[in-house]
Amino acid sequence: MPEGNQPPPFEGGNLYLDDPALQRAVAAEGGDWAHDRLAAWGARLGRAETFALAARANRMVPELRTHDRVGERIDEVDYDTSWHELMALAMREGEHCAPWVEPRAGAQVARAAAYLLHGEVENGTQCPLTMTYAAVPLLRRSASALPGLYETWLPRILARQYDPRTQPVVDKASALIGMGMTERQGGSDVRANVTSAARSADGSYRLTGQKWFFSAPMSDAHLVLAQASGGLSCFFLPRLLPGGTRNAVRIERLKDKLGNRSNASSEVEFDGATAWLLGEEGRGVAVIIEMVQHTRLDCVIGSAGLIRGAVAQALHHARHRRAFGRLLCEQPLMQNVLADLLLEAEAATLCALRLARCFEADAPPSEVALSRLATPALKYWVCKRASGVVAEAAEVLGGNGYIEECPLPRMYREAPLNSIWEGSGNVICLDVLRAARREPAAVESLLAELSLVRGIDSRLDRFVSTLATTLSGRTMSEHEARRVAGDIAIALAASLLLRGAPAAVGEAFCASRLGEGGTTFGTLRLGIDCASILATA
Ligand SMILES: Cc1cc2nc3c(=O)[nH]c(=O)nc-3n(C[C@H](O)[C@H](O)[C@H](O)COP(=O)(O)OP(=O)(O)OC[C@H]3O[C@@H](n4cnc5c(N)ncnc54)[C@H](O)[C@@H]3O)c2cc1C
């Protein structure tokens, strides 16, 4: 134990084996076969060396080089070696590809667990991994659109050997994909996009206009939206053209943003950039929505990782730091705070892994229907909870939680980000409402899922009954969309905890989240068994 009443380093543990809730969730959702692999990944991520890479990647920020020394445009972003090392590790683990390469039962769940663990350590690298992962189903379906897409691009997108070089894709070991939808005119309302796409004689298109947010600009290709003569359409836009010349994509500047600093987000100008149509003209939103569903899944998993990571740091600190003659974790009020935070971590973890099961290759139609409601509802709720949890976890560490050498300040900056990504709070809740109104199968699957715990907790029974009445009414107004989305998420979390968590956890969640919850953490009522909850972690 270091002197000065300071806890020993958090690093050095196994992030998977030290997380019984995640292990239970993996087993419950069909990914237990991946136990050894996840344990190895948890050990690798838990090393001091990996935490150091994460800290360094966020200190040594990417730099834009628009021109070379003789004034030619190059539009290159230089990343620190720590970024490349983290990317190489995650790609070797298959975070961007494993379920597509080996689509066995539980593959999405196993991949979700690996991605969640990654989210406890570093978040900027998760952006290009997610976008590459999410693009695959759409690209597979669009294979005929682009000559060489199937033979040249897909094998490299699915490859595990990270290759950051600016080279024609045929000469690379792997390729990464990004996404460009948002323009200055509108991000939620992408129909306001003005970037234009003109068809050339050879069937390709020339794109002219700007994108206001264009993350991971060094990706080998981006999927972008632009206005063709038939309306808003989805395009495949490579960074280098076949033959190796640079496509006419100018990086204007990098964003100085809230959130991680390791990943570059840019503003770009298309100056007649060459792209290939995916799907039909005018169907751009319908085509790209499949990618958006998978990125939303990752927002849930990523935020669950952030929550778990912050709570684990808080627990570690409280178990080693003494105040007023006792360890912090022995003080009743601190136990209340920690137990309350643990409820969030366990709920987010179970929700994320349950949602991942809906995305399995062998998922029956009822699971696909459930995902239609559960994805936006959980995306809203878990991402929103992250900010409050991380802020409270930082306070558990006292002043140390506010110093940049500690990961908590970085996590705090990251916490609100997933909420704006791929459907901000309001927009995602309006999507929940749309699904509830238009897709009776989704409501049916949700209620069937919730009925698995009927009779176990009368508070949840009443909550679900009210929710069912709300969802059956055609009168849900936009005004209430956040409440409806939040109630769906809370009901799902409560049901998963009652089925898969130690009894004290399920009981405390129902007691505190179904009606009489406090507005801050640490307000669990007397009688809730905080000691038992803490013993589960
Ligand atoms: C760090 C970062 C990286 C990003 N990377 C990318 C990227 O790689 N590619 C990309 O395409 N985009 C990217 N984005 C952009 C992001 O997806 C958009 O910012 C987001 O979709 C919101 O769009 P907007 O900024 O135009 O806000 P707006 O659409 O103007 O929304 C503003 C506010 O109004 C609310 N709102 C909108 N419509 C309604 C309504 N009907 N009812 C009630 N409220 C409403 C929204 O919820 C939001 O709170 C990134 C953003 C950030 C912060």
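Which helices each supply at least two residues of the lining of the second largest pocket? Keep that question in mind as you start the tour.

This is a predicted model, in which local features need pLDDT of at least 70, side-chain atom pairs count only at pLDDT 80 or more, and totals for chains, interfaces and linings use all residues. Residues are numbered from 1 along each chain as its sequence is written, and side-chain values use heavy atoms, with hydrogens and water left out.

**Stop 1: the second largest pocket**

Select helix H3 (48-59), helix H9 (284-318) and helix H12 (407-414): each supplies at least two residues of the lining. Helices (H or I, at least four residues) and strands (E, at least two) are DSSP runs, numbered from the N terminus. H3 gives the most to this lining, with six residues.

The second largest pocket holds about 640 Å³ of space. Of its 24 lining residues, Glu11, Ile403, Glu405, Cys406 and Pro407 are the closest to its centre. Rolling a probe the size of a water molecule over the atoms shows where empty space is left. On a 1 Å grid over the protein atoms alone, a pocket is an open set of points where a 1.4 Å probe fits, with protein on both sides within 12 Å along at least five of seven lines, and lining residues have an atom within 4 Å of a point. The volume is the space filled by probe spheres set on the points, which are joined across faces, edges and corners.

**Stop 2: the ligand**

Now select the ligand. Around the ligand are 19 residues, of which Met181, Thr182, Gly187, Ser188 and Ser424 come nearest; a residue is near if one of its heavy atoms lies within 4 Å. This shell divides into nine nonpolar, nine polar and one charged. Strand E3 (177-180), strand E5 (205-215), helix H13 (417-420) and helix H14 (425-438) each supply at least two of the shell residues.

Next, look at some distances. An oxygen atom of the ligand is 2.7 Å from a polar backbone atom of Met181. A ligand nitrogen atom is 2.7 Å from an N or O atom in the side chain of Thr182, and a ligand nitrogen atom is 3.0 Å from an N or O atom in the side chain of Asn426. Taken alone the ligand exposes 980 Å², and the protein buries 66% of that; such areas come from the Shrake-Rupley method with a 1.4 Å probe.

**Stop 3: Arg354**

Go to helix H10 (residues 332-358), where you will find Arg354. Is Arg354 buried or exposed? Arg354 counts as buried because its relative accessibility is 4%, and buried means under 20%, exposed over 50%, partly exposed in between (1.4 Å probe, protein chains only). Its side chain makes a polar contact with the side chain of Glu449 (2.9 Å). A polar contact is a pair of N or O atoms within 3.5 Å; within protein, one must be able to donate a hydrogen and the other to accept it, and residues adjacent in sequence count only if both atoms are side-chain atoms.

**Stop 4**

Select Asn5, in the segment before helix H1 (20-28). Its phi is near 60°, a positive value in a residue other than glycine. Asn5 and Arg321 are 316 residues apart in sequence, yet 6.0 Å apart in space, C-alpha to C-alpha.

Finish at Asp75, in strand E2 (residues 73-78). Asp75 has a positive phi of about 50° although it is not a glycine, and at 7% relative accessibility Asp75 counts as buried.

Notes: Nonpolar A, V, L, I, M, F, W, Y, C, P; charged D, E, K, R; others polar.
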